[in-house]
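Subject: A structure for you to look through

Dear colleague,

Here is the structure I promised to hand over, with its sequence. Please open it beside this email, and then read the notes that follow.

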Amino acid sequence: MDRAVKDDSIYDEFGVPAVINATGTKTRIGGSRIRTDALDAMARAGESFVRLSDLQAAASKRIADATGAEAGYVTSGAAAGLLLSAAAALAGCTVERMERLPETDGIPDEIVMPRTHRTGYDHAFRAAGATIVDVGTNDRTLGTGATNVEPWEIEAAITENTAAVGYVQKPFTEPPLEAVTAVAHENDVPVIVDAAAELPPAENLSRFTDAGADLVVFSGGKAIRGPQTTGIVAGREDLIESIALQHLDMHAADAVWDPPTELIDADRLEGVPRQGIGRSLKVGKEELVGLLVALDSFRDTDRTAQSEAWHRTATRIAESLADISGLDATVTADTDVSVAPTVVVSIDPTDAACSATELVRSLRAENPRVFVGADRLDADILTINPMCLDDDEVPYVLERIRAHASSESDSRTHQ
Ligand SMILES: *Cc1c(COP(=O)(O)O)cnc(C)c1O
């Protein structure tokens, strides 16, 4: 076993096995490696005080610059960004509504979503007080029709109770975002886009705003490699203002309430909002600064070099696994919207020493644990994603896969 790997992990000091991440930016195993420049910036941010609303106003400018949106906001993760986006769509800049959420009597509170865009993450919309109305069918997925949802079905579902349209951005989601924003805007309803994991490419920072989205949510703890507890919302100025009002500690005597005018137009509010529904999603000054520094570094990353490095790792892994009987490893083709290449390992359990499920379980029980992608175990497929895998960790991953998957005669040839 390659003991050089993770011998110095701080998790050992807590008696907790470290994880070698061969599955990409998954929150349950820690997301991504935070950039060192972001960590350094966080340490400095901890040394002094700052008014959080001033810092969010500066963040808004930088996010606007990075995304082409009117304004932006740093949240405690993409899921928090979804909750705050829904809260903004429900309450607007009406203080009385902010005060009431998640109670929505008399407030338009429906978020219309294509049925095939529903995920566990949309719990965040419901947590703000929204009711999700899903439209369309599952025809395409089931092979019983050509499309899952048509723009007219979204339009038909929009009523006077609609607060927003929700859309989950993936390379394969339909209908196209442009078509959805067009029908939503014809009906004066904003579109909230969950694009949490759709980076890189960095061009995607502006792509969904360009397609007409009113609010776009990204995770700060995935490929941006900022703090795990950060996310970004980019979008319309009035909606970002509503997010700020429902998130920041505002409650102060009116006479001394002087929020930054770039972020908040205090004159048009009935009063000073109390702690809003977003208050439990606090963002610290350290995380906020760390995210902004990481965002700059992410934008400066040489995408071609990074993509080539990921391809080299993926190819190296696929080639190395090729001689294990019962295993077939291929690298997925790149498309202009795919985030990273993946090694697809399909296992023939009659030929290999174990099934894909057994292999995944055995790898997770190692110390350090090895996490590979396990979303397609029913087809005896596991996947390996190079995004969070250091070069010096690859031999350990390969060696542990070989140890479990090789039949005895295979492993003897490799000793
Ligand atoms: C990861 C993810 C989220 C949540 O992101 P966090 O930053 O961890 O809160 C939400 N939606 C989708 C589609 C995701 O992939």
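**Strand β8 and its partners**

Strand β7 (residues 215-219) pairs with β8 in the antiparallel sense, over five bridges, where two strands count as a pair if DSSP finds at least two bridges between them. Helices (H or I, at least four residues) and strands (E, at least two) are DSSP runs, numbered from the N terminus. Please keep in mind that this is a predicted model, in which local features need pLDDT of at least 70 and side-chain atom pairs count only at pLDDT 80 or more, while totals for chains, interfaces and linings use all residues. Residues are numbered from 1 along each chain as its sequence is written, and side-chain values use heavy atoms, with hydrogens and water left out.

Strand β2 (residues 71-75) also pairs with β8 in the antiparallel sense, again over five bridges. In general, the strands of a sheet pair through backbone hydrogen bonds, either parallel or antiparallel.

Is β8 (residues 231-235) enclosed or open to the outside? Five of its five residues are buried, so the strand is largely enclosed by the rest of the structure; buried means under 20% relative accessible area, exposed means over 50%, and partly exposed lies in between (1.4 Å probe, protein chains only). Gly231, Val233 and Gly235 point one way from β8, whereas Ile232 and Ala234 point the other way, and all are buried.

**A buried helix**

Helix α4 (residues 78-91) has 14 residues and reaches 20 Å from its first C-alpha to its last, close to the 20 Å expected at 1.5 Å a residue, a span that is defined as 1.5 Å times one less than the number of residues. Of the 14 residues of α4, 13 are buried, so this helix too is largely enclosed by the rest of the structure. Just after α4 comes Gly92, which takes a positive phi of about 55 degrees.

Ala379 is found in the loop between β11 (369-372) and β12, where its relative accessibility of 46% makes it count as partly exposed. Although Ala379 and Ala356 are 23 residues apart in sequence, their C-alpha atoms are 8.5 Å apart in space.

**The protein as a whole**

The protein has 16 helices and 12 strands, and buried residues make up 52% of its 415 residues. Residues 24 or more positions apart account for 68% of the contacts with a separation of 6 or more, contact meaning heavy atoms within 4.5 Å. The C-alpha atoms fill a box of roughly 80 × 60 × 35 Å, taken along the principal axes.

With kind regards
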